[in-house]
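Keep the picture open beside you and follow along.

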Amino acid sequence: MSKARIERKGDVADYDIENDSFFTYTRELKYKSSIDIDGIVLDIAEDNSIMGIEILDFSNRFGISKYDAQHYKSLAAEVTITEQAIVVEITLSVLKRNAELSRITEASAINSMNLPVGSESLAVTA
């Protein structure tokens, strides 16, 4: 079993304060489909790699205010795919009172789309 390792930087990122959702994606790939893993939506490219992530209920998920969500410093998502499961771990950093505060959230689901085994990361900085 081969394990691919893909690292990308999100070209586009935005926080929607009204809907409390955050998204980031790369423009270098063409969209094929999405999978919702407990409010974390992974956008899948035609080559079955992860090209984007949308995080619903963003501020509540990370336990921060919507103001802090608007002024994030960085977000890094690590997606680990096995034959059986997809595991997503997202680390968010915000600047609070001149100190960096990091929060982590995780979600997992069955690999029902038969995505290729491996790990991928997608990172974005403000």
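Strand β10 (118-125) has 6 buried residues out of 8, so it is largely enclosed by the rest of the structure. Here, buried means under 20% relative accessible area, exposed means over 50%, and partly exposed is in between, with a 1.4 Å probe and protein chains only. Strands are DSSP runs of E with at least two residues, helices are runs of H or I with at least four, and both are numbered from the N terminus. Strand β10 is joined to β7 by 8 bridges, and the two run antiparallel. Within that pairing, Val-124 of β10 stands opposite Leu-75. Two strands count as paired if DSSP finds at least two bridges between them.

A word on what you are looking at: this is a predicted model, where local features need pLDDT of at least 70, side-chain atom pairs count only at pLDDT 80 or more, and totals for chains, interfaces and linings use all residues. Residues are numbered from 1 along each chain as its sequence is written, and side-chain values use heavy atoms, leaving out hydrogens and water.

**The whole protein**

The protein has 2 helices and 10 strands. Along the sequence they follow the pattern β-β-β-β-β-β-α-α-β-β-β-β. The radius of gyration, taken over C-alpha atoms, is 14 Å, close to the 14 Å from the globule rule for 126 residues, so the protein is as compact as a globular protein of that length. That rule is 2.2 Å times the number of residues to the power 0.38. The C-alpha trace spans about 45 × 25 × 25 Å along its principal axes. Of the 126 residues, 42% count as buried. Contact means heavy atoms within 4.5 Å. Among contacts with a separation of 6 or more, 55% come from residues 24 or more positions apart.

**An open sheet**

Which order do the 5 strands of the open sheet have? The order is β2-β3-β6-β5-β4, with antiparallel pairing. At the edges are β2 and β4 (31-37), each of which pairs on one side only. On average, neighbouring strands of this sheet are turned by 15 degrees against each other, direction ignored. For such angles, axes are lines fitted to C-alpha atoms (for helices, over the stretch in contact), and angles run from 0 to 180 degrees between N-to-C directions.

Now find β6 (residues 50-55), which is joined to β3 by 4 antiparallel bridges. There, Phe-23 stands opposite Glu-54, and Thr-24 has Ile-53 as its bridge partner. Strands β5 and β6 form a hairpin with 4 residues between them, and Asn-48 in the turn has a positive phi of about 70 degrees. Is β6 enclosed or open? Of its 6 residues, 5 are buried, so β6 is largely enclosed by the rest of the structure.

**The nonpolar core**

A nonpolar core is a set of buried Ala, Val, Leu, Ile, Met, Phe, Trp, Tyr and Cys residues joined through side-chain atoms within 4.5 Å. The largest one has 28 residues, and Leu-42, Ile-53, Phe-58, Ile-86 and Ile-90 touch the most other members. Elements that give two or more residues to this core include β4, β5 (40-45), α1 (58-62) and β8 (85-96). Leaving aside residues up to four places away in sequence, Phe-58 touches several residues, including Tyr-15, Phe-22, Leu-75 and Leu-92.

Ser-33 lies in strand β4. Not counting residues up to four places away in sequence, Ser-33 touches Leu-42, Asp-43, Ile-44 and Met-113.

| Residue | Relative accessible area | Class |
|---|---|---|
| Ser-33 | 17% | buried |
| Asp-57 | 41% | partly exposed |
| Glu-18 | 69% | exposed |
| Asn-98 | 78% | exposed |

Asp-57 is found in the loop between β6 and α1, and has a positive phi near 55 degrees, although not a glycine. Asn-98 sits in the loop between β8 and β9 (99-110) and has a positive phi of about 65 degrees, again without being a glycine. Glu-18 lies in the loop between β2 (12-16) and β3 (21-25). Glu-18 and Lys-66 are 48 residues apart in sequence and 9.2 Å apart in space, C-alpha to C-alpha.
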